[in-house]
Amino acid sequence: YLNTKKITVNEVLFTEINNSWLKNLNLTKKNLDYIDLENIPFKIDYIHQMMPIIFGNDQIKCESNEVFIGLDIFGSIFYLLSGYEESQVDVRDKHNRFIAKNSFLSKNKILLRPIVNEYIELLNSIFVFVFPEYEKKTVKNYEKIISSDVDQPYNPDIRNLKGLVKGIVKSLIKKKCEDTPLNLILNYISYKFGVIYNDRDYNNFHWMLEKNSKHSNKLIFFFLVNKVRHKFDGFYSMNEKPIKMLINKLEKFGHRFGVHFSYDTYKNLKKLSEEFNISKNTLPNFSAIGRQHYLRWCSISTPRLLEKIGLKEDYTLGFSDHVGFRAGTCFRFKLYDLQSRRTLNLYETPLAAMDVSLFSEQYMNIQSKKEIIDLLDQIEKECKHYNGTFSVVWHNNQLNHKDHRMIFEHLIS
């Protein structure tokens, strides 16, 4: 209410779950209904004419002093930002991850749309309609964040004799092997003296720095710092001379650093705390930011544990198997503790795209360079429209092919 004018928004989700919080309920429709934005009596700036209804209905009643909207805007936004759906679906992949293909966003083909931002735009338009004196304010500018998870800083085959033999055999058998036997032997010897001679994965860091410097971009590099490694974790140590040299070079170029929490940490407070403390002592200008390895995430446990150790901002929330808006938004937002039902003092910068999601055979398996670029451009367009953040992760060891380098150069331009 304001000066006898009124906006009424339907409430559906909270009414339904208030007395059955986190109980396994089938909350979303299999096939969503839509609001045709061409038929509403007020102006709205949109990309997509048909707006999905997660909760509520398509009823919109407008009078000069009052608007009723049947769409449950606030409940739908909460459902997406809090990851509530992930607490309701038991199906996980082999890494115990909630993946895109099991999400209602993917099933309804709206994963590539920041639905939360669309709902906020609708609410803003209603305010302007009811209160003409209301001025919509731009709270932030569009931002592109390119980051790199340092999982494989160099070819692991050069670390020991067993790896060297395996690498040589692999290079002789595989047609598309990325290393020659001679190069492996030279790197094996030089590594013993704390130097990496001519390793493609390691050299890619220098290439990334060179290309980003041309555009004055600052990247974020997330390093695995754990001392006890799971088989899915990286193999390197933060105490190695080549890693120390790499970090010094990245720092000189003005790039940022974050902790890449290891594979087994996402529900383990002790391990999270240990790695966070190591990061404070080993990463230059560490600003308490992090991302989970393999994008492992539990919407009930992980946010609460990350806040508890003192992390200030997380960069994990994206799907491993598909690009898009897992949390339904391109805005940075505060995470929520579903157990204690409170907003956390921890921000999330949602991840819109990951390199391997696009071209890995086990994920989207897109082999066309043009198709990948068009898809990234489509997602970036959505982020720009709402003055949001386009966050992308690209691994250094995924820049060994000409097409991948061309995609990366397009991305940072």
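Biologist: How many nonpolar, polar and charged residues does the lining of the largest pocket have?

Modeller: This is a predicted model, in which local features need pLDDT of at least 70 and side-chain atom pairs count only at pLDDT 80 or more, while totals for chains, interfaces and linings use all residues. Residues are numbered from 1 along each chain as its sequence is written, and side-chain values use heavy atoms, with hydrogens and water left out. On a 1 Å grid over the protein atoms alone, a pocket is an open set of points with protein on both sides within 12 Å along at least five of seven lines, whereas a cavity is a set where a 1.4 Å probe fits but cannot get out; lining residues have an atom within 4 Å of a point. Ala, Val, Leu, Ile, Met, Phe, Trp, Tyr, Cys and Pro count as nonpolar, Asp, Glu, Lys and Arg as charged, and the others, Gly among them, as polar. Here the lining of the largest pocket has ten nonpolar, 16 polar and 15 charged residues.

Biologist: What space lies in the largest pocket, and which residues are the closest to its centre?

Modeller: A volume is the space filled by probe spheres set on the grid points, which are joined across faces, edges and corners. The largest pocket holds about 1,200 Å³. Of its 41 lining residues, Gln152, Asp201, Val356, Asn397 and Gln398 are the closest to the centre.

Biologist: How many cavities of 30 Å³ or more does the structure hold?

Modeller: There are three. The largest cavity has a volume of about 150 Å³, and among its 20 lining residues Leu80, Ser82, Gly83, Glu86 and Arg326 are the closest to its centre. Its lining divides into 13 nonpolar, four polar and three charged residues. At least two lining residues come from each of α2 (73–81), α3 (84–88) and β11 (333–337); such helices (H or I, at least four residues) and strands (E, at least two) are DSSP runs, numbered from the N terminus. The second largest cavity has a volume of about 50 Å³.

Biologist: Is Ser82 buried or exposed?

Modeller: Buried means under 20% relative accessible area, exposed over 50%, and partly exposed in between, with a 1.4 Å probe and protein chains only. Ser82 has a relative accessible area of 7%, so this residue is buried. Ser82 is found in the loop between α2 and α3. Contact means heavy atoms within 4.5 Å; leaving aside neighbours within four places in sequence, Ser82 is in contact with Ser299, Tyr336 and Leu338.

Biologist: Where do the buried residues of α9 fall when seen down the axis of the helix?

Modeller: An α-helix has 3.6 residues a turn, so residues three or four places apart point the same way. The buried residues of α9 are Pro242, Ile243, Leu246, Ile247 and Leu250. Seen down the axis, they fall within an arc of 135°, so they line one face of the helix; the arc is that of the directions from the helix axis to the C-beta atoms. These buried residues pack against α7 (181–192), α8 (200–214), β7 (220–223) and β8 (256–261).

Biologist: How many residues has α9, and what distance does this helix reach?

Modeller: The expected span of a helix is 1.5 Å times one less than its number of residues. Helix α9 (residues 241–252) has twelve residues and reaches 17 Å from its first C-alpha to its last, close to the expected 16 Å. Just after α9, Gly254 takes a positive phi of about 85°.
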